[in-house]
Amino acid sequence: MSGESDKTVQATTLVIVDPDEQSAPAPAERERAKALRAKRAEERERAVARWRAIAETGGPEGWIEQELRQKGLLVDVDPSTLTDADRSSYKERKKAEAEQRRALKKLARQAYLATHVDFVGQGIYYRDTDDETKREAEARLTRAQSNDLSALDSPEALAKALAIDAPTLRWLCFHREVETSSHYHFWTIPKRDGTRRLITAPKYQLKRIQRWLLRNLVEKLAVHGAAHGFLRARSIGTNAAVHAGADVVVKIDVKDFFPTVTFRRVKGLFVKAGLRESVATLCALLCTEAPREVVQFRGKSLYVASGARACPQGAPTSPAITNAICLRLDRRLSGLARTLGYGYSRYADDLAFSWRKPENQPGSRAPAPVGTLLRGVATILEAEGFGVNRKKTAVRRAGASQRITGLVVNKPASPNVPAARVPRETVRRLRAAIHNREQGKPGKEGESLHQLHGMAAFVYMVDPKKGRDFLDRIEALQRAAP
């Protein structure tokens, strides 16, 4: 690349174009695309049928020999027995055989690629068949059976379960440092500190596959009881309730949580669960993506990897994968908390600890071992491949407002008040907004009844009685709305 070309490369802000905003292709283009898809489907069917024939003959070499023999092109003559007059004809026949052999090898290769994944990108180790000893295979099968994953025993079985063919599986898994297109949509949302959080959401086909993997693979993996995020019958309410009424609450945030759960860690998780290395590699590729920057080069947009593949924020599989990855972390933190007299819970990357004075020592003035806890947590996180976001570490005592995952957990003044509850200012703001609407006043700019309904549902989650009243009033407003 010339120095002048280097100067034309410019990184730009990641921009996602809404498919609805793109101009629709002309009818002629749609017909050509349809005809091309049909032609490719026919070619793929022929290649699949050809590979079946190759497998029946024992492999490519046997199939090539059979095809040459059927076409009468196989030369099986000892040249030393030929006369000088026959040698010229022999050379011509051998030349025709070699030419046909090369063509048949090409067809066999095409048939192989139509039914096998084969290669998934530079820097990714992958083989369709795994080299494992008998003992390793038995141990893997035992792990797979314990996690109910025996059906995903090969790349072919994975493709069949996902209802796609091998070329499509390879296309979805393939890793490139520089892409001309992406399987993901990108956008950012504001964070509390004023920065932007990148959301990487899969497009339709990959999202369907990730949801299948979530149900049939990831959700079958073991998760610690201290995990409360993205699990059935668990919520921010159950997470906060663990720490209700505590004397001291400690909140710790894991730094760069999702980017730290890399492709290698996800692959290792799946191998440990009992998948073959080849299948684990494909599943890990389907569940991870590299952070990318859009670079304009020669009039084209290129998606350039700016880091290692990791669980993207926005993929259906990411939260459940991180819960499974954190199993040992949760065990170690639970053990540390129990030793120091703390309770422990985790909601995604938010770690929460709570300490109460010993019941048998109500008058004790012994302080909570906060420093020991913070040092121990930092050590364990580092050992498990994570880090502490020290800017978000907070210690709250009973005299201050204690909040866990957005809910107040201070000891309530009345037994009728939920142990974990929505902050008072949020409830007041919701009540005032509903009252204004009932009085015929317009809502605030950007405020809709749907948003109020969501806030009321949030209250209902932790305080059903109060939340039900809000929901009924909002639903009456929605019915009366023109």
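Buried means under 20% relative accessible area, exposed means over 50%, and partly exposed lies in between (1.4 Å probe, protein chains only). This is a predicted model: local features need pLDDT of at least 70, side-chain atom pairs count only at pLDDT 80 or more, and totals for chains, interfaces and linings use all residues. Residues are numbered from 1 along each chain as its sequence is written, and side-chain values use heavy atoms, leaving out hydrogens and water.

**View A. R101 and E65 form a salt bridge.**
A salt bridge puts a side-chain nitrogen of Lys or Arg within 4 Å of a carboxyl oxygen of Asp or Glu. Here the closest N and O atoms are 3.0 Å apart. R101 sits in helix α4 (residues 84-115) and E65 in helix α3 (residues 60-70), so the pair ties together parts 36 residues apart in sequence. Helices (H or I, at least four residues) and strands (E, at least two) are DSSP runs, numbered from the N terminus. R101 is buried, at 18% relative accessible area. E65 is partly exposed, at 25%. Both belong to a network of salt bridges that links E65, K94, E97 and R101. The structure holds 25 salt bridges.

**View B. E289 and R309 join two loops.**
Their side chains meet in a salt bridge, at 3.5 Å from N to O. E289 lies in the loop between α12 (277-287) and β6 (292-297). R309 lies in the loop between β7 (300-305) and α13 (318-325). The pair therefore ties together parts 20 residues apart in sequence. E289 is buried, with 10% relative accessibility. R309 is buried too, with 8%.

**View C. E384 and R332 link a loop to a helix.**
This salt bridge spans 3.0 Å, N to O. E384 is in the loop between α15 and β10, while R332 is in helix α14 (residues 327-340), so the pair ties together parts 52 residues apart in sequence. What is the relative accessibility of E384? It is 8%, and E384 counts as buried. R332 counts as partly exposed, at 35%.

**View D. Four strands make an open sheet.**
The order is β8-β9-β5-β10, and the pairing is antiparallel. Neighbouring strands are turned by 15 degrees against each other on average, direction ignored. Two strands pair if DSSP finds at least two bridges between them. Strands β8 and β9 (residues 350-355) pair over 6 bridges. The bridge partner of Y347 is D350, in β9. Helix α15 (residues 370-383) packs on the sheet and touches β5 (248-253), β8, β9 and β10. Contact means heavy atoms within 4.5 Å. The direction of α15 makes about 25 degrees with that of β5. Axes are lines fitted to C-alpha atoms, for helices over the stretch in contact, and angles run from 0 to 180 degrees between N-to-C directions.

**View E. Helix α12 is largely enclosed by the rest of the structure.**
Of its 11 residues, 10 are buried. Among them are S278, V279, A280 and T281. The buried residues pack against α6 (155-161), α7 (166-173), β3 (184-190), α8 (204-216), α11 (263-273) and α13.

D118 is partly exposed, at 22% relative accessibility. Setting aside neighbours within four places in sequence, D118 is in contact with R109, Y112, L113, Y126 and D128. The C-alpha atoms of D118 and K91 are separated by 36 Å, and these residues are 27 apart along the chain.

**View G. D148 has a positive phi.**
Most residues other than glycine have a negative phi. D148 is not a glycine, yet its phi is about 60 degrees. This residue lies in the loop between α5 and α6. D148 is exposed, at 54% relative accessible area.

**View H. R298 has a positive phi as well.**
Its phi is about 55 degrees, although R298 is not a glycine. Where does R298 lie? It lies in the loop between β6 and β7. R298 counts as exposed, at 65% relative accessibility.
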